[in-house]
Every structure is written in C-alpha cells, then in structure tokens.
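This report goes through selected features of one structure.

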Amino acid sequence: MKLKVEAAAVPNLPWEDRPKGSADVVWRYSKNPVIPRNLIPKSNSIFNSAVIPYQGGFVGVFRIDDTRRVMDLYFGRSQDGINWNIEHDPIQFKCDDPEIAKFVYRYDPRLCWLDDRYYVTWCNGYHGPTIGVGYTHDFKTFHQMENAYLPFNRNGVLFPRKVHGKYLMFSRPSDNGHTPFGDIYLSESPDMTHWGCHRWVMGTGSWCYTKVGAGPIPIETSEGWLLLFHGTLTSCNGYVYSMGAVLLDLEQPWKVKYRGAPYLLSPQTLYECVGDVPNVVFPCAAIVDGATNRMAIYYGAADTVVGLAFAHVDELVQWVKDNALPSS
C-alpha cells in the first residue's frame with residue numbers, strides 16, 4: 001500500500017537529487033551551509049531555526065546569537081528556501097501581561113501551522129529555560145502567550161493538528177545548564193495555555209546515550225507520526241549531536257511503533273564539526289511536498305550555521321521500520 005502523507009503541495013520545495021552512487025536515506029545539500037553565520041551585520045551565528053512555506057515562498061524564525069552573544073529570535077523571508085533576507089532586529093512580541101515579556105534569552109524556535117494561525121515555540125529564559133509560546137497570523141505582528149511549563153524545560157514541539165480534541169506538545173525536561181540527561185515527553189492542552197497529562201515517549205539509546213529531544217514538527221503518515229529527533233552522546237571531547245527518526249502511533253503518539261537504531265545524519269563535514277560548539281547536527285524544521293513526498297530538512301550545524309538536507313518520506317519511513325530497534 002502506498003504511504004499516505006498529510007502534507008500540502010510545495011512545488012518550489014528546495015531540492016537536490018541524491019548524489020550518484022549514494023545509498024544514504026538523508027543527504028546534504030551540496031552548497032551547505034545554506035545560511036552563513038554572518039548573514040546580517042550583527043550576527044555572531046545563525047542556527048537551530050524554523051522554516052515553513054508561506055504565500056508561495058518561505059518564511060522563517062531564526063535563532064541568532066549577536067555579537068554581544070545575546071540569543072534572540074529574528075524573522076526572515078525567502079522565495080526559494082535557500083536565499084534568505086533576515087530582518088536586522090529581533091521579533092517584538094506583543095504581550096497582554098507585561099510579566100510574560102520578561103526574558104533573558106530566546107532560542108531554538110519551531111514553527112507550526114495549527115487551526116487558523118502560525119505558532120512559534122522556543123526555549124524561553126524565564127528564571128531558567130522553559131517553553132515560550134507565541135503566534136502570528138501574518139508574520140507582521142507576533143503575540144506571546146503564557147509559558148507552557150515551569151522551568152526547566154527545552155525542545156517544545158507542537159503537533160500540526162489536535163488529537164482527540166487536545167493540542168499536543170513534545171518537551172524535554174532539563175536542568176538550568178547544559179543538561180547531561182533528557183528524555184522526550186508528550187503533554188496535552190485544551191487551550192494552548194494549560195498543559196498536563198504528561199506521558200513519557202522515549203529515552204536514550206546506543207548512539208544517543210546522554211539525551212534526546214524532539215526536532216521538527218512531526219509529520220503525519222499512514223504508518224504513524226514521523227518524528228525526527230536529535231540525540232547526544234558524550235565523547236572524550238564533549239557532546240556529539242546527531243539526527244535520528246522514530247514512528248509514533250497516530251492515536252496515542254506517546255507510544256513508539258518503530259525507532260530507527262542507527263543515526264540518520266551525524267556531524268562529519270567541516271561546518272558541522274567546527275564552530276562555536278563543535279560536532280552538532282540539530283534539526284528544527286522539515287518541509288514536505290505532498291505531491292512528491294520529498295522532504296527538505298533544515299538543521300543547525302556546530303551551533304554556528306544552518307545546513308539543509310533532503311529525503312523522500314516514503315524511503316525514510318521504510319528505513320525506520322527496516323532498521324528498528326528490537327524493542328520497537
């Protein structure tokens with residue numbers, strides 16, 4: 001049976017065919033990094049950013065650490081998903097309560113079309129890291145809502161639709177530092193403000209025995225929710241972040257159906273291995289063209305630049321099933 005993927009057509013999806021002779025299920029864009037660290041004058045680095053189709057082109061919310069090393073979110077546009085114009089000033093969120101606007105940092109955003117608006121989630125510094133939530137209808141005015149959880153938490157990733165009438169979000173409870181631990185949890189909400197019914201989804205594994213966290217917005221397929229995630233091991237030279245994939249049950253998404261045992265992409269190129277934080281592949285966005293099931297994956301590389309990779313959803317789902325851990 002042909003795999004069904006719930007995704008709109010994106011005829012101008014960034015794309016490059018798999019290199020001749022390669023059998024990789026995920027392959028890199030030959031002109032990476034797609035976004036350099038210094039695309040705007042005051043940026044020290046641009047990485048771990050969210051991209052989504054919009055009005056025939058693409059928009060993004062970008063993590064930029066500026067030359068003061070202040071971490072904040074910036075808005076950008078592109079016609080082709082490759083050449084970007086990023087605004088030089090951070091997004092100014094409108095808040096009904098001034099208390100919500102208090103923050104120390106904003107980083108690692110995700111973008112999700114849900115109901116009638118585009119939601120932004122990010123790691124928000126409010127007496128420690130927690131999950132900030134905001135939305136926009138037009139990418140001109142951004143509104144900030146209540147933080148989703150108490151500190152300490154990271155990697156807030158929404159589902160693109162309600163399940164059994166509830167909003168769903170992944171997160172990874174953490175500490176106030178660089179967190180040498182972490183599992184993925186799923187929480188639900190009736191209103192995008194009050195979050196509860198927390199469920200454990202998955203923990204660490206062989207190549208990611210230190211911590212794991214959700215990556216891009218999960219992709220709905222007839223085989224289950226396809227989730228790309230980042231996983232971390234601790235080497236003698238520090239953390240190494242790679243990308244993996246898992247299939248979750250459609251109706252009970254905290255239940256793992258298949259978990260790919262190998263990683264999909266690990267830091268092996270110069271721009272992934274050398275930068276402000278060496279040895280990092282950190283996926284934050286995945287765009288699927290529903291007409292072809294092609295996928296473009298945006299990922300942070302070495303906490304310095306943005307890389308682009310490609311895959312076919314059909315192949316990726318089959319790869320997860322064929323390479324699943326025995327317990328999956």
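## Salt bridges

A salt bridge is a side-chain nitrogen of Lys or Arg within 4 Å of a carboxyl oxygen of Asp or Glu. The search of the whole structure finds 15 salt bridges. The model is predicted, so local features need pLDDT of at least 70 and side-chain atom pairs count only at pLDDT 80 or more, while totals for chains, interfaces and linings use all residues. Residues are numbered from 1 along each chain as its sequence is written, and side-chain values use heavy atoms, with hydrogens and water left out. Side chains of opposite charge can pair when their charged atoms come close.

One of the salt bridges joins Arg18 and Glu315, whose closest N and O atoms are 2.9 Å apart. Arg18 lies in the segment before strand S1 (27-28) and Glu315 in helix H3 (residues 313-322), so this pair ties together parts that are 297 residues apart in sequence. Helices (H or I, at least four residues) and strands (E, at least two) are DSSP runs, numbered from the N terminus. Arg18 has a relative accessible area of 26% and is partly exposed; Glu315, at 31%, is partly exposed too. Here buried means under 20% relative accessible area, exposed over 50%, and partly exposed in between (1.4 Å probe, protein chains only).

## Further charged pairs

Glu99 and Lys102 form a salt bridge with their closest N and O atoms 3.0 Å apart. Glu99 is partly exposed at 30% relative accessibility, and Lys102 is partly exposed at 48%.

In the salt bridge between Lys166 and Glu188, the closest N and O atoms are 3.2 Å apart. Lys166 lies in the loop between strand S11 (153-158) and strand S12 (167-173), and Glu188 in strand S13 (residues 184-189), so the pair ties together parts that are 22 residues apart in sequence. Lys166 is partly exposed, with a relative accessible area of 28%, and Glu188 is partly exposed at 23%.

## An open sheet

Strands of a sheet pair through backbone hydrogen bonds, either parallel or antiparallel. Two strands count as paired if DSSP finds at least two bridges between them. In this model, 4 strands form an open sheet in the order S11-S12-S13-S14, with antiparallel pairing. S11 and strand S14 (196-202) stand at the edges with a single partner strand each, so one side of each is left without a neighbour in the sheet.

S13 and S14 pair in the antiparallel sense over 4 bridges. Leu186 has Arg199 as its bridge partner in S14.

Contact in general means heavy atoms within 4.5 Å. Not counting residues up to four places away in sequence, Ser187 touches several residues, including Tyr149, Tyr167, Trp195 and His198.

Leu325 is found in the segment after H3 and is partly exposed at 26% relative accessibility. Leaving aside neighbours within four places in sequence, Leu325 is in contact with Arg259 and Ala261. The C-alpha atoms of Leu325 and Gly290, 35 residues apart along the chain, are separated by 28 Å.
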